[in-house]
Amino acid sequence: MVKSNDLILRTMTVLIAFILFGFAVYLLLAGHNAPGGGFIGGLMTAAAILLMYMAYGTTTANKILPINYRILITVGLIIAVGTGVGSFIFGQPFMSQTFDYYHFPLFGELELATALIFDLGVYLTVIGVTMTIVLTISNDRE
Amino acid sequence: MSNLTILPVLIPLIAGIIATLFHKKLTLVRIFSQVSTIISTIVASYVFYYVIQNGTLVLESGDWMAPYGIVLVGDLLSVTLVLTTNIVALAAVFYAPYSLSDEQESFYFYTFYFLLISGVSGAFITGDLFNLFVFFEVLLMASYALIILGGGKVQLRESIKYVLINLFSSMLFVTTIAFLYSVVGTVNMAQIGQRVSEVNQSGILTTIAFLLFFVFGTKAALFPLYYWLPRPYIAPNPVISALFGALLTKVGIYSIFRVFTIIFVHETAITHQFFIWIAAFTLIFGVIGALSTNNIKLIVAYNIIPAVGFMIAGIGIYNETALSGAVYYLVNDMIIKAALFLLVGAIAYLAGTSDLRKMKGLIHHYPMLGWLLFISAFVLAGVPPFSGFIGKLLILQGAIEANEIIITIIGLLVSLLILFSVMRIFIQGFWGEKDAAIVPNKPLARKLMLPVAFLISFSVFLGIGAEWFYPITEEIGNNLMNPELYIKSVLKE
């Protein structure tokens, strides 16, 4: 059997996957003031991971990213529900959010809202769900 | 603290999420689920007590004012149903380990079970039409997963019907909400009610009312729309059937209660009169289905339909007596349907078949099981000391007050036939000679019967203690007849 040579695909994947990851994180963080947010950010990240799976095969990709995506869903949900429950501690109604301004060394003054933590939960859940669906279907070899 | 309102939704949700972490460790996940369900029941009871003492609980989530944010309204009807849901869940979680195979249990059964409970509680407690849709989807998604759990051939076939019909009605639900939003410009139920009363329910709003009735009628299995219900409900494991039979159709009924007592109450000559006809056909066709089959699980599944018919008759008659009767019947029916499904599951397991013609003389091996079935048949048909009686009595009394004689007669005759359909299981299955083929399997039988006995004793208590429960349902009936009370408590004017 001749091993197929997909040098171009693999090289480009390294490049494109990194751009995709960057764009996904940008979308996640930009969601408050511009189009974007946890859902689309999570989908983009899943697309980037998927590209690596397609170019390098399941075995290699699993070695690079040894993540149990089903646990990722759980973690995402805990974070998302946790931000809602967090408002209980401060005696506020469920899902209340708050924000404050912080000074960062490189970026200057930024507004940080607890909605971002909720978005992070959504982001992780979407990655987990998408990857679980794709990997479950692709591994079905019975 | 108003955050109490969300707790019956939140506790099962968090428990379901945490249960995914150790879904393969059966002993741990069982104990965890049982403890969480007990905690959830205690919290639901406390919320129930709190609402009785202090009146309606309203939570404006995220601290946004009522018509702008999502409100969660724990009024007396909601919290009563949430408490009943938790009682059914409590029986199911203790029945599950003996009914499900280890493999089914380890494949996230408890997660989906908790999500189902969370979705049902959420649907009962929300005060927002679109949020109702979201909670409908939460519970339906969980039910899709539960119906397929185990992957048997029958389950695969029946789940396709189930998913298709529910997807269709959910799409129609969203479309109807879009229509309603374009007319009244809000999805908050209290504000919709207020705005509809301002324009006195013009023609388009009555059309939307019928569309919504069609959606909830599909979910609740009313007369022309019940064809999807019986077979998918008996395909999965008995404990899952019990959760479905007790909870899912009742969410549809609850939604009809809400929508047609708060929002669309100005053209009752058209809408509510139509419900009485639908109720009559639902009663008749449901009970014909229950009489037509020899499959004991199917008999119980068909019995859901006439019960739903009684409740729709209650809302159709639309006076205080009938509404409080319908609520009483709703609570009673949630409990007794769960008990019957669990009971029939145990009978089918112990007899090795669910065909009525192949079983006889079970009473020699399992006397306790037989008498539990006997009592639950009486509860279901509404024989006086038991709880089915008071609900039906009030509905029929309301019908006579409103001069609806035909529905009264149909209701009484159908009750007789319901009793007959369930007594057939008792007579053919439990009477007769000893069947040598059945091996006595006492210890497991006892474990299966304990949750059933719990539910039936609760149901008997509900009938005997009518003096305590009737004032509550009477007040619910009063609240339902006066939507301005609900609107005022939500919008705070």
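Chain B of this predicted model exposes about 17600 Å², of which carbon and sulfur atoms supply 68%; such areas come from the Shrake-Rupley method with a 1.4 Å probe. Buried residues, meaning those under 20% relative accessible area (1.4 Å probe, protein chains only), make up 65% of the 493 residues in chain B.

**Fold of chain B**
- The secondary structure of chain B comes to 21 helices and two strands, counted as DSSP runs (H or I, at least four residues, for helices; E, at least two, for strands).
- The radius of gyration of chain B, taken over C-alpha atoms, is 21 Å, close to the 23 Å that the globule rule gives for 493 residues, so chain B is as compact as a globular protein of that length; the rule is 2.2 Å times the number of residues to the power 0.38.

**Charges of chain B**
- There are 24 positive and 23 negative side chains in chain B, and the centres of the two sets lie 17 Å apart; Lys and Arg count as positive and Asp and Glu as negative, while His and the chain ends are not counted, and each charge is placed at NZ of Lys, CZ of Arg, CG of Asp or CD of Glu.

**Spans of chain A**
- An unreviewed UniProt entry annotates "transmembrane region" at several places in chain A, including residues 7-29 and 67-92, although such annotations may be inferred rather than shown by experiment.
- Residues 7-29 of chain A are 100% helix and 0% strand, with end C-alpha atoms 34 Å apart.

**Conventions**
- Residues are numbered from 1 along each chain as its sequence is written, and chains are lettered from A in the order in which they are written.
- Local features need pLDDT of at least 70, and side-chain values use heavy atoms, with hydrogens and water left out.

Notes. This is a predicted model: local features need pLDDT of at least 70, side-chain atom pairs count only at pLDDT 80 or more; totals for chains, interfaces and linings use all residues. Buried means under 20% relative accessible area, exposed over 50%, partly exposed in between (1.4 Å probe, protein chains only).
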